[in-house]
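Subject: Structure handover

Hello,

Here is the structure I promised to pass on. Please open it alongside this message; my notes follow below.

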Amino acid sequence: MRVRVPSPAPRFDFREKHRRTGGRRAAPPTKWLVKNLKVKSWSIFTTRLETISCEITNAISQPFPKSARAAREGGVGGGMPAPPSLLAFVPDKFSMNDRKRNVVVLIGGPSAEHDVSLATGRVILNALDKTKYNLTPVTINKDRKWLLPPPDRKFLSGDENKEEKSLVALETGNAIDKLKSERGADVVFIAMHGTYGEDGTVQGFLEMAGVPYTGSGILASALAMDKLKSSELFLFHGLKVPKYLNFSNKQWNKGKDKITTEMNEKISLPCVIKPSNCGSSVGITIVRKIDDLENAVQLAFSYDDIVLAQEYISGMEVTCAVLDEGGDKEPIALPPMQIIPKDSEFFDYHAKYTPGATEEITPPRLPAEIIKKIQENALQVHKIIGCSGMSRTDMIVSENDIFVLETNTIPGMTETSLYPQAAAAVGISFPELLDKIIQSAINRNQA
Ligand SMILES: Nc1ncnc2c1ncn2[C@@H]1O[C@H](COP(=O)(O)OP(=O)(O)OP(=O)(O)O)[C@@H](O)[C@H]1O
Ligand SMILES: [Mg+2]
């Protein structure tokens, strides 16, 4: 077999370059890289090299397949370990457990929670340990375009509009293949909320590409996003949910009088009108006067075609996070938190994302047995929906009843968000929490 030998790298004084770059790695000139190695930059080349080395390590540390051994020995039998001489060629740096992982962080998306996702993404990118991970942020804009920074630019500046000009647009259909081949994506951290990123859509896309991703799978993501379907499941499993009525846009337009009468009989005022599929309290109104119903319903329909009218539960609002590392570890419920919006009627968008607008008390001022019950509910919801990695279930405690409102499979992850606060309450720092979530994605993929 003829092997094409690349022309030797042009000579240049590495010591001189080393001195000039203040000790940073000296890279060969781009022209030489493009011509001989068909890569645009030194960093792409080294990332590819790492990925190939890992694949070799992985392959040769596997036992030989049965058929190979059977062929050699003329009989049946299991695999045998790879010859030690081969393993000796693999530097320790590339052992699968220790090597730096290539993590693609997906940010943004077309949902009503685009801006919240940008905040979550930025905080995650800052907090992930750079000694453990090579990070590639991918921003998905509201038109569903996947935007990738050039290889020498690792982080977003924070100004999305300014940023977009320097980002490379990937064709959605082969975005993941590109990320796999060019950035050696080992795992995708989904830092998106709401439809598209949290409802199973992106999860399905990543399943098709065979890339591990953080959080829940397709079905659990879709069920958790759909408040109507998840409420039906919660009821089926004996959990309490606020009484509700659901109707589509078409049903409302055809028979709003009938629906209003039914609503009066079943729920009465005040009631809560919300889109079945949304988050961050977007599209939610508490209706206290019947005259406000039409506007509330129209607002909810602007986010989803199915609307829920729920009984208003007056009581103490709490939320409980579940951490599910996978592997041989059982999911655990973190300490619940009490939520007290300071100047909002309910835990609305303003109360959620304005620093200082909400007081959180961990654990809630409730008897120990109620706290335990809240944690049991959160674990039960996590299991009923079939979540992985993480979930955060919102509930209202009214007298001695606990009503489940909904569960979030990708809860807000800014440092002031509820989920990281609950983890901090049991001594898990934010970077450690992110490590666990990534590990859980890897464990799920290996199961
Ligand atoms: N039935 C109800 N009774 C009283 N308050 C409610 C009810 N439903 C919702 N709320 C209020 O509205 C907020 C948002 O409701 P919910 O959690 O159902 O929606 P969401 O937009 O999916 O939230 P998230 O940001 O957690 O995804 C609750 O935190 C609570 O303050
Ligand atoms: Mg909620």
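I'll begin with one helix, α11. The buried residues of this helix are covered by several elements, among them α10 (218-225), β6 (244-248), β7 (271-275), β9 (306-311), α15 (368-385) and β15 (401-408). Bear in mind throughout that this is a predicted model.

Which residues of α11 are buried? The helix runs over residues 227-236, and the buried ones are Lys227, Ser230, Ser231 and Phe234. These four sit on the same side of α11, because they cover an arc of only 105° around the axis. Just after α11 comes Gly238, with a positive phi of about 85°.

Next, ligand 1. There are 19 residues around ligand 1, and those that come nearest are Pro242, Gly279, Ile313, Phe346 and Phe347. By class, the shell splits into 10 nonpolar, 5 polar and 4 charged residues. Three strands each supply at least two residues of this shell: β7, β14 (389-398) and β15. Of the elements, β15 gives the most, with 3 residues. At the domain level, domain 3 (224-238 + 315-446) and domain 4 (244-311) each contribute at least three residues to the shell around ligand 1.

Now the packing. The largest nonpolar core has 74 residues. Inside this core, Val105, Leu106 and Phe189 have the most contacts. Helix α17 (residues 430-446) gives the most to the core, with 6 residues. Domain 2 (101-213) and domain 3 each put at least three residues into this core. Phe189 is worth a look on screen. Leaving aside residues up to four places away in sequence, Phe189 touches Val103, Val105, Leu106, Ile124, Thr214 and Ile438.

Finally, the overall figures. The protein has 17 helices and 15 strands. It has 447 residues, of which 37% count as buried. Among contacts with a separation of 6 or more, 64% are between residues 24 or more positions apart.

Best wishes

Technical notes. Residues are numbered from 1 along each chain as its sequence is written. Chains are lettered from A and ligands numbered from 1 in the order in which they are written. This is a predicted model: local features need pLDDT of at least 70, side-chain atom pairs count only at pLDDT 80 or more; totals for chains, interfaces and linings use all residues. A residue is buried if 20 or more other C-beta atoms lie within 10 Å of its own, exposed if 12 or fewer, and partly exposed in between; C-beta atoms are placed from the backbone. The arc is that of the directions from the helix axis to the C-beta atoms. Two residues are in contact if their C-beta atoms, placed from the backbone, lie within 7 Å. A residue is near a molecule or strand if its C-beta atom, placed from the backbone, lies within 6 Å of it. Ala, Val, Leu, Ile, Met, Phe, Trp, Tyr, Cys and Pro count as nonpolar, Asp, Glu, Lys and Arg as charged, and the others, Gly among them, as polar. Domain bounds come from an automatic or database domain assignment. A nonpolar core is a set of buried Ala, Val, Leu, Ile, Met, Phe, Trp, Tyr and Cys residues joined through C-beta atoms within 7 Å.
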